[in-house]
Each structure stands twice: as C-alpha cells, then as structure tokens.
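Visitor: I would like to go through this model with you, piece by piece. Could you begin with the terms and then turn to the details?

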Amino acid sequence: MGIRATSSKPLFCYSKLLCISVIYLFTSLFLVVYTSFISPTNCLFRYSPNDPIQKPLFIYNSSYGEHKHALPTFRSSCDSPVYFSDYWNALKEMNEFSENSTSLGSRNLRYIQGNADSFGGNFSIRKRFSYFDHHDGIQVPCGFFKRFPISKFDRISMENCKGIVVISAIFNDHDKIRQPKGLGKDTPYSVCFYMFVDDVTLKGLQYHNLISTISSEENLVGVWRIVKVEKEHLYENSAMNGVIPKYLVHRLFPNSKYSIWIDAKIQLVVDPFLLIHSLVVMEDVDMAISRHPFYVHTIEEAMATARWKKWWDVDGLMKQMETYCDNGLQPWSPEKPYPSDVPDSAIILRKHSVATNLFSCLLFNELEGFNPRDQLAFAYVRDLMDPKLKLNMFDVEVFEQVAAEYRHSLKNDGVSNLKVMPKKTKRASSRFLVNGTSSKCDGYLLKMWGESQD
C-alpha cells in the first residue's frame, strides 16, 4: 500500500471566511504601520499633554444627543504639521504671562457708551466705516447699547476669569454640549469654559436631567459653566445672538488675556494651553483661524451662501457685496499677506490685543448691519482696518487634527422648534452677481476670474 499524499495548504485556508479574515487583518495592520511610521505625508501632531485626563469629564444620559460619531475627514496628509510644546512648559509660560500683564487691549481701546434700540447701536454704513482707521483715544462702537441679559452672579464670575477662556453658545437647542478631550490635569482648574444658552436650550438640558430644574446660581455640565441669556431682550435671529459671545468675548471677559471660540458643533481634542501657545504665541500673531476648505475669495462664499440658502435675504447679500466692492474690497491674490480671504470660523483663537479687539468690534458692527454670516465681512474688515491684524490662517488639515465636527441636532424632543427663520426664504439665483447687468462688483469679478485662469 502506498502512502496517501497530503496537501500542504495551511489549515486556516480550509475555511474561506477564516482565510479572508486573516488576510484582512494583516492588510489592516500593514496600513496602520505604514500610516503611522513610514508614510512621509503623515500628520505629525503632538496633541496629548503629559498625563492627560483619561476619565470622562461628564457622563451624559443615554437620551441626550442625536449624533454620537464625528463627521469624517477627507485629508490624509499634512502639508504644514504643527508641533505642540510640552504641556507643563506651555502651562507655566501662559500662566506667568497672565499673572504679569494687565489686560492687553483694554488700555488703548475705548468704547462708545449709550442706549439704543439695538444691542449694536444700528450704525449707518458710512458711520461704521469711519471707525476702520483707528487712532488712540478714539471711541469705537462695540455693542452693549442694551444690557447683555445675564445674571449678576454670572457677570461677576466672567470678570474674574483672567487667563484663557473657552466660549461657545447654543440657542434653540440646536447642538449638543460636548466635553473637550486631551486636557492636561491642571487645565480644568486654570482655563474658564463658558457655554451661553437660551431658555429653550436650558429646558432641553433640564429635560435630559443634565442640570437641575431648581433655580441655581451656578450650573455645570462637565467643564462647561452654563450661562443663561434672556434672548428676548436681544435679536430675533438666534444666529445674531450667538455672534455676541463669538466676537465680543473681550467685552464679556474684560480681564481675560486669550480666548478660544468654538462652534457648538465642534469638540476640541487638543488642550487649550497647547493651542494658544503653538498657534498664537509661538507664531507671534493676534489671532489664529482656519482657512476655508474650498473658497479663497469673499464673493465665492457669498455665491455659495445664496446658492445653498444659508441666508434668507439674497437681495441683502447682493447689497452687502456691492457695498464692499464699492468701498475697496479686492479679490484674494498672492500679493495679500494672507493665504485666503475666507476663513472657517468654527474655531477662533485670539490674543486680546488692541488690533484683535478692534477687529472684533468692527466685524460685529458689520454683522449687525448686514447679516450674521461672518465669513462675508471677514476679509473686508481685515484688509481695510488700521492698525493691521497679525493673523495666522492655518491649513484645513490643522483644523481637522485639533477638533472633531458633528452634525447639528435635528430632533427637538418636544422642547424646541429648530426651523425658525425670520422671513420666508427667497430662492437663490444661480446668476448671483453675474446676471448680465452692471454691478459694482464687476471689477472684482474680472480680477477674481483672471487670477483663476492664470
């Protein structure tokens, strides 16, 4: 009898499913190793401080929030990676600076006082533009022509914040409160975190038992201190109410030296000390903000705003652009000292200097005068104001490495109505500003298209 021949095929290959699983496993491991250690385009970010806080900052009820996963990012490489300093060194330097300095911008910037029907004073176009060329001693309009309706207890607490403040806002229960990640051990005790909410959002938090329904002077959700804003005393449009803490943070927190604004749909994944230290202090700038992922020209953003109905008044958008074109707005070009005219303002890092505070005041006035779409007025104010703003417009991939983005909340859980618009939305013309008729932006458009054709 002969010896029966046996196959040398590995045992696991007799199962097709097991074989495929093993191949998938080894392929995945190879890609991870390649991406982490070999690929020359890998983003080399040092974003975790020494001994970061590992446990959750707050345990949410399972009923709270619709979207548990961040939106995916599509950039696998970094052309300009940012390296963060050691956490404890950055913490020491920032604390020493805050302790040894007075408020950076309050000494040389004076604000017009008074009362008006509008929080921002509702100044005319010519009057607003007259404040762009600033000189010492000249008072500038900067909101607060009506009382900002928060409690006295909150106001005192905000005035006592003297270092870095992180602020955000949720109106109409439009987003979920998300805790920052990657915080160093001392950060929750050294950085102020403030979340401004309206009554609708507050009721939503109470509905999910995140805060007590019993009246309290201080409400905390994780690191965030919740500040209720009586919005019926401000603007009808909730987006405009959110602009107040976004751009007038230096007035709400007059003794803070630095601030970080984050949209409520954003979750920080890098410690605030490291962000300010690396993107503002080490770059020696007044402000740091991400450039827009798609647009570089202001009118490109205006056209997209009209096309995608991000703002209801298309005629108002056209008037705004023509006003800016008629008064000096130019398309972006390599001659400008900035890489883009259009920011992604979901995250704004600021040193509260004279230039930054002036920029914030002037921009806020434009937002009240036209609409709360801050990307549309950004370049006009930045380019025409004096003194000039030292600005770090960092790459989009930097933004994607320091923050996670989520979708807005869609369901109201019986406590809010999210689809509130001040007027019926007008259909955006596909020929916005290029309808064949003479426009004050004709010269701008010709220059913009000329640049794009080079």
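Guide: A charge sits over a ring if NZ of Lys or CZ of Arg is within 6 Å of the ring centre and within 35 degrees of the ring normal. Under that criterion, the charged end of Arg307 sits over the ring of Trp308, 4.8 Å from its centre. The charged end of Arg251 likewise sits over the ring of Tyr111, at 4.2 Å from the ring centre.

Visitor: What kind of model is this, and how are residues numbered?

Guide: This is a predicted model, in which local features need pLDDT of at least 70 and side-chain atom pairs count only at pLDDT 80 or more, whereas totals for chains, interfaces and linings use all residues. Residues are numbered from 1 along each chain as its sequence is written, and side-chain values use heavy atoms, with hydrogens and water left out.

Visitor: Staying with rings, how many aromatic pairs are there?

Guide: The structure holds 22 aromatic pairs. Rings of Phe, Tyr and Trp (its six-membered ring) pair if their centres lie within 6.5 Å; planes under 30 degrees apart count as stacked, over 60 as edge-to-face and the rest as tilted. Phe58 and Tyr60 form an edge-to-face pair, with 5.0 Å centre to centre and 70° between the planes.

Visitor: Which residues do ring pairs link into a cluster?

Guide: The cluster consists of Phe119, Phe144, Phe148, Tyr194, Phe196, Phe253 and Phe364.

Visitor: Now the sheet. What is the strand order?

Guide: The order is E5-E6-E4-E3-E7-E10-E9-E11, in an open sheet of 8 strands with mixed pairing. The edge strands, each pairing on one side only, are E5 (219-221) and E11 (391-394). From one strand to the next, the twist averages 25°. Helices (H or I, at least four residues) and strands (E, at least two) are DSSP runs, numbered from the N terminus, and two strands pair if DSSP finds at least two bridges between them.

Visitor: Do take two pairings. In which sense do E7 and E10 run, parallel or antiparallel?

Guide: Strand E7 (residues 258-262) and strand E10 (residues 343-351) pair in the antiparallel sense over 5 bridges. Tyr258 stands opposite Lys351 in E10. By contrast, E9 (residues 287-291) and E11 run parallel and are joined by 4 bridges. Ile289 has Met393 as its bridge partner in E11.

Visitor: Which way do the side chains of E11 point?

Guide: Leu391 and Met393 point one way from E11, Asn392 and Phe394 point the other way, and all are buried. Buried means under 20% relative accessible area, exposed over 50%, and partly exposed in between (1.4 Å probe, protein chains only).

Visitor: And helix H4: which of its residues are buried?

Guide: The buried residues of H4 (residues 152-159) are Asp154, Ser157 and Met158. They lie on the same side of H4 because they cover an arc of only 100° around the axis, the arc being that of the directions from the helix axis to the C-beta atoms. An α-helix has 3.6 residues a turn, so residues three or four places apart point the same way.

Visitor: What covers that side?

Guide: The cover of the buried residues of H4 includes strand E4 (191-197), strand E6 (224-228) and helix H8 (249-252). Contact here means heavy atoms within 4.5 Å.

Visitor: How much of H13 is buried?

Guide: H13 is mostly covered, with 9 of its 11 residues buried. Among them are Leu376, Phe378 and Tyr380.

Visitor: Lastly, where is Leu91, and what does it touch?

Guide: Leu91 is in helix H2 (residues 87-99) and is buried, with a relative accessible area of 5%. Not counting residues up to four places away in sequence, Leu91 touches Asp186, Ser190 and Phe273. Leu91 and Thr187 are 96 residues apart in sequence and 8.4 Å apart in space, C-alpha to C-alpha.

How values were computed: Axes fitted to C-alpha atoms, helices over the stretch in contact; angles between N-to-C directions.
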